[in-house]
Amino acid sequence: FSGVLAEDVLLALLELQEELAATTAWAPGSGRNVSLQDVCYAPLNPAEPRVGDCAVSSVTQYFQNNRSRLALSAWQQDGKNQGPVDWHDHLIYCVNSPLSFKDITALELSCMAEYGGP
């Protein structure tokens, strides 16, 4: 992996997403600050959405926008094949099986987004 799929780029993307999610703007019509959860599409919690409920499409959603999950690694032994697995393996699995609740690597991470959808 290189370019936009380098770990440092994914971490920078995650940081940018967090900054944007925390942004507020004054809405004169309503007389209050509005934020992402006020305007986002939150299909699984439309009544009282939190930022994590917003359906944001991003590659970091394969890690539920979580730095710790992106940094995980594990040792995997599968028959004769053995070796470390990390975010690369999880990403490849999820691109091919985006509806999976648990990948087949030793990481056993979900491919579902933070908001609960694919």
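This is a predicted model: local features need pLDDT of at least 70, side-chain atom pairs count only at pLDDT 80 or more; totals for chains, interfaces and linings use all residues.
Reader: Where do the buried residues of α4 sit around its axis?

Author: The buried ones are Trp 87, His 90, Leu 91, Tyr 93 and Cys 94. Their arc around the axis is only 165 degrees, so they end up on the same side of α4. What covers them includes α1 and α3. Val 95 and Asn 96, in contrast, are exposed on the other side of α4.

Reader: And α1: why do its buried residues line one face of the helix?

Author: Helix α1 covers residues 7–21 and reaches 21 Å from its first C-alpha to its last, close to the 21 Å expected. Its buried residues are Leu 10, Leu 14, Gln 17 and Ala 21. In an α-helix, residues three or four places apart point the same way, because there are 3.6 residues a turn. Looking down the axis of α1, the buried residues line one face because they fall within an arc of 60 degrees.

Reader: What do those buried residues of α1 pack against?

Author: The other side of α1 is where Asp 8 and Leu 20 are exposed. The buried residues pack against three helices, namely α2 (36–39), α3 (67–71) and α4 (87–96).

Reader: Which residues are closest to the centre of the largest pocket?

Author: This pocket has a volume of about 220 Å³. Helix α1 supplies the largest share of the lining, five residues. Of the 13 lining residues, the closest to the centre are Gln 17, Ala 21, Val 51, Val 56 and Asn 65.

Reader: Is Gln 64 buried or exposed?

Author: Gln 64 lies in the loop between α2 and α3, and its phi is positive, about 55 degrees, although it is not a glycine. The cut-off for buried is under 20% relative accessible area. Gln 64 comes in at 12% relative accessibility, so it counts as buried.

Definitions and conventions
Residues are numbered from 1 along each chain as its sequence is written. Side-chain values use heavy atoms; hydrogens and water are left out. Helices (H or I, at least four residues) and strands (E, at least two) are DSSP runs, numbered from the N terminus. The expected span of a helix is 1.5 Å times one less than its number of residues. Buried means under 20% relative accessible area, exposed over 50%, partly exposed in between (1.4 Å probe, protein chains only). The arc is that of the directions from the helix axis to the C-beta atoms. Contact means heavy atoms within 4.5 Å. On a 1 Å grid over the protein atoms alone, a cavity is a set of points where a 1.4 Å probe fits but cannot get out, and a pocket is an open set with protein on both sides within 12 Å along at least five of seven lines; lining residues have an atom within 4 Å of a point. Grid points are joined across faces, edges and corners, and a volume is the space filled by probe spheres set on the points.
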